[in-house]
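Please open the model in your viewer and keep the selection tool at hand. The stops below are meant to be followed in order, each with something to select and something to look for.

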Amino acid sequence: MKVLWQIAVITGVCFVGEGISLILPIPFPSGVIGMILLFLLLLFKRIQPRDLKESTDFLTDSMKFLFVPAGVGVMQIFDDIRNSFLPMVFICIVTTVITFAATAAAVNGTIKFQQWLRVRRRKPV
Amino acid sequence: MSDWLSSPFFGISLSIAAYAIGVLIQNKLNTPFANPLLIAIVLVIAFLSIFSIPYEDYNAGGQIITMLLIPATVVLSISVYNRLDILKKNWLPVIVGCLAGSVTSIISVLLLCRMFGLDDTMTISLLPKSVTTPIAVGLSEQYGGIASVTVTSVIITGIFGTVFAPQLIRLFRVKNAVASGVAIGTCSHVGGTTRAIEIGETQGAMSSLSIGIAGLLSTFIMVFIKFL
């Protein structure tokens, strides 16, 4: 019954997430809503990570595998995107480098700003 | 024969077999370029093409696997929750970093797609490419993109992150472990994170934390951009 109970909790969260996703006026993936719901359940101690351990391990371990069919779908549209394929690879690589630089700069900037605040607070103005 | 192959068990078995071969090849070659997911996709496509099996027959089982992506997204919150301590200690830099990175990613993809003259469907499919796949696919579908193009772009990004994370750290002279961890997770999700874990414990934890946060923030940014 243990795993069945875990599946019931996760499926329930997914189902409620889909309901909310349908009501929301903005496009919001139901999985992300479910993610927020489960996070709230964890935060308010309604549920413990270990309560879902077996199912979570299964889903996390096989996560990459779950994308196989979605990736295979490319064969249906490959003729349409053939010409965009090289730009697509180029865009993926260039934007990843830019994103890395922007993120690192933002984190460093924030840490420096916090240190500066701390120093300023210590010195009475 | 076609009745037999349209059984959902065909698609599921073929997917698992192809993925198992992918894992085997990766273990043998031991290079991030031999991505098991990429190998599995190529193998399944080759198999279906060689035996002229219609995609619909394969997808009878395939869609059952795809359905599991939603619960897989939901349990991502557990990995954020498990790292709540380090998030509390560094919440401001982590959130500012993920936000800056996600905005940069989405805007730079948008601009480059326009530059290359890609159509809207293609652009929408590429927008979430730095986000972890389950969220990226959800976003792409919600906005009218093509899920399989999104999956491909996320894989390319992930492989690039896995291979070049240390070079990126050196290129931009990032000395702070928190900064490099968040940057790797935000720009290249799980792919980069596997490498970040090898670089150091802080980098790995920060990187995996950023996957969930950047994914969530990207969802909001996409909503925001839609209204512009």
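Begin by selecting chain A, which is divided into domain 1 (1-63) and domain 2 (76-125), where domain bounds come from an automatic or database domain assignment. The centres of domain 1 of chain A and domain 2 of chain A, taken over C-alpha atoms, are separated by 29 Å.

Before going further, please note that this is a predicted model, in which local features need pLDDT of at least 70 and side-chain atom pairs count only at pLDDT 80 or more, while totals for chains, interfaces and linings use all residues. Residues are numbered from 1 along each chain as its sequence is written, and chains are lettered from A and ligands numbered from 1 in the order in which they are written.

Now select chain B, which is divided into domain 1 (2-67) and domain 2 (76-226); the C-alpha centres of domain 1 of chain B and domain 2 of chain B lie 26 Å apart. Five residues of domain 1 of chain B are in contact with four residues of domain 2 of chain B, where contact means that the C-beta atoms of two residues, placed from the backbone, lie within 7 Å.

## Where the chains meet

How many residues of chain B are in contact with chain A? Colour the two chains separately and you can look for 84 residues of chain B in contact with 61 residues of chain A. The largest share of this side of chain B, twelve residues, comes from helix α8 (residues 91-115) of chain B; helices (H or I, at least four residues) and strands (E, at least two) are DSSP runs, numbered from the N terminus. By class, the side of chain B that touches chain A has 55 nonpolar, 28 polar and one charged residues, with Ala, Val, Leu, Ile, Met, Phe, Trp, Tyr, Cys and Pro counted as nonpolar, Asp, Glu, Lys and Arg as charged, and the others, Gly among them, as polar.

Next, select B:Leu118, found in the loop between α8 and α9 (120-126) of chain B. Is B:Leu118 buried or exposed? B:Leu118 counts as buried because it has 21 C-beta neighbours inside 10 Å; a residue is buried if 20 or more other C-beta atoms lie within 10 Å of its own, exposed if 12 or fewer, and partly exposed in between, with C-beta atoms placed from the backbone. Leaving aside neighbours within four places in sequence, B:Leu118 is in contact with A:Ser84, A:Pro87, B:Cys113 and B:Thr123.

## Two exposed loop residues

Move to A:Lys45 in the loop between α2 (30-43) and α3 (53-61) of chain A, where phi is near 60 degrees, a positive value in a residue other than glycine. A:Lys45 is exposed, with 7 other C-beta atoms within 10 Å. Then select B:Asn30, which lies in the loop between α2 (8-29) and α3 (36-50) of chain B and has a phi near 55 degrees, again positive in a residue other than glycine. B:Asn30 is exposed, with 8 other C-beta atoms within 10 Å. For background, most residues other than glycine have a negative phi.
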